[in-house]
Amino acid sequence: MLDLQGMLPALTDGDVPRFRQLYQAIRQRILNGQLPADSRLPSSRHLASQLQISRNTVMQAYEQLLAEGYIRGATGAGTFVNSLASDSLQQSSTVQDSKATLPGLSQRGQRLSQLGRGGGNSQLILAPGIPELDTFPWTEWRRLLNQDIRRAPRRLANYGQPQGYLPLRQALADYLRESRGVRCDAAQVVVTSGAQQGIELVARLCLEPGDRVWVEDPGYIGARGGFIAADVQLQPMAVDDEGLIPDAQAAAPRLIYLTPSHQYPTGGTLPLARRLALIDLARQWNCWILEDDYDSEYRYEGRPLAAMQGLDPSGRVLYIGTLAKVMFPSLRLGYLVLPEHLVDSFCRYRSLVDYHAPLHTQAAAARFIASGNLLGHIRKMRQLYAARRDYLWQRLLPLVGSEQRCRLPEAGMHLCQRLPEVDDSALSQYLMTQGVGCRALSAHCLQSPARGLVMGYAGYREDEIDRGVSIVQQALEQRPWQR
């Protein structure tokens, strides 16, 4: 029988109960081989006497070890280290703890992980896609959240519908018809956990592995990741100042992915003639169009353009949007507008993924939209963002000169400054270490050789824009990433 007194640490009073401390100490010594297989442990009475603790404490520790399979008990014979567990653990310990001995990612997994952004850093400045958060009507938002939780705590705490909270779908349908010209009703709206999930749902349910998908080049990295996850073939399509260039001679796709109201990241707006041409091609080829309308509300020259979905009477345009840009990113609410015959299938699959977004935030968002708060906030932000866009554009003049300065974007929350002679990937990585979140334009390209920086302005004050541009200018002058 083993003498455990010299092997175990002193048990102390604290947040961890003594029986738990004893259990953990014995378990660790089994795991590291100090207590070999078939070793007989002291009786609970004897160990309690050795450690000067209560017998109940030892019995509780033994019971936990027994339940987890570390020890076994034999009536009248004693308590022993379980040989099966010990042998397996000792065999495992002979193999070096090295990543090289473990299965690795699939090739698709490696591609997807390289596209991702990791943990992110909310302290970066000039990062694209970040809205103004300080002036959001937080007091009204808290009031709506609290009211809904007080009025219907049981209903909002239970499971909801995969399609989304009905009042939110109704509010979104009304909003999209009025502000974006989308042809829909609440029955066609599916509430998602952000626009990215909407892209994933379309890719999984509307495409077969190997199907061809037209994507803008340069284009949105998140969409590319969603399609790669569905194991489809990406066909990069050239983009000019107006957006994607239709090509009737190209191989027919199963789906065309577009950001027509504000091409990401270059900023072009797809003209009516191209929209109609793409809808006609989709009809000829019997394929889908996925319209990503991610920040179309922020148009600074005239009214926002109507959505492409409203031009298509056949229902081939699937429409996707998000509340992250018009409200705040952590809300994690987006939406899909689908032909009615697809809705049930999407909801059934959605129930396998995450079922639905939190009901209390859906309920508050529904009332926030229906009350007119969303439209009021958008109007206010449109003025603020236009001023910040102009300020950043002017600040870029000494950085690149008037001949190279980017075109003033007509819409959106970012601008794209071309830097053809610069290793934009190395520059972007260096800027991240300096607290600046500009993205490399080349990272958004599949075949296009474009280089530059995608710079956000919406969520940043003038002093933050000044600081970010100064860091970029100093980096371009000194090129520290080349040392």
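Biologist: In this predicted model, does F136 count as buried or exposed, and at what relative accessibility?

Modeller: Residues under 20% relative accessible area count as buried. F136 falls in that class, so F136 is buried, at a relative accessibility of 3%.

Biologist: What is the geometry of the ring pair F136 and F328?

Modeller: The two ring centres lie 5.3 Å apart. Planes over 60 degrees apart count as edge-to-face. The planes of F136 and F328 stand at 75°, so the pair is edge-to-face.

Biologist: How many residues apart in sequence are F136 and F368, and how do their rings pair?

Modeller: The ring centres of F136 and F368 are 5.5 Å apart with planes at 25°, so this pair is stacked. F136 belongs to the loop between α5 and α6, whereas F368 belongs to helix α13, so the pair ties together parts of the chain separated by 232 residues.

Biologist: Which residues form one aromatic cluster with F136?

Modeller: F328 is buried at 8%, and F368 is buried at 0%. Together with F136, the cluster consists of W138, W141, F328 and F368.

Biologist: Which backbone oxygens does the side chain of Q163 reach?

Modeller: Q163 sits in the loop between α7 and α8 and is buried, with a relative accessible area of 15%. Its contacts beyond four places in sequence include R169, V343 and C347. At 3.0 Å in each case, the side chain of Q163 reaches the backbone oxygen of A187 and that of V189.

Biologist: What is the area of the nonpolar surface patch that includes L276?

Modeller: L276 lies in helix α11 and is partly exposed, at 42%. With L272 and L311, L276 makes a nonpolar surface patch of about 260 Å².

Notes
Residues numbered from 1 in each chain as written. Predicted model: local features only at pLDDT ≥ 70, side-chain atom pairs only at ≥ 80, totals over all residues. Heavy atoms only, no water. Patch = residues over 30% accessible without salt bridge, like charges linked within 9 Å, V, L, I, M, F, W, Y side chains within 5 Å. Areas by Shrake-Rupley, 256 points an atom, 1.4 Å probe, with all protein chains shown as cover. Salt bridge = Lys/Arg side-chain N within 4 Å of Asp/Glu carboxyl O. Helix = DSSP H or I, 4+ residues; strand = E, 2+ residues; numbered from the N terminus. Buried < 20%, exposed > 50% of the residue type's maximum accessible area, 1.4 Å probe, protein only. Polar contact = N/O pair within 3.5 Å; in protein donor to acceptor, adjacent residues only side chain to side chain. Contact = heavy atoms within 4.5 Å. Phe/Tyr/Trp six-rings, centres within 6.5 Å; stacked < 30°, edge-to-face > 60°.
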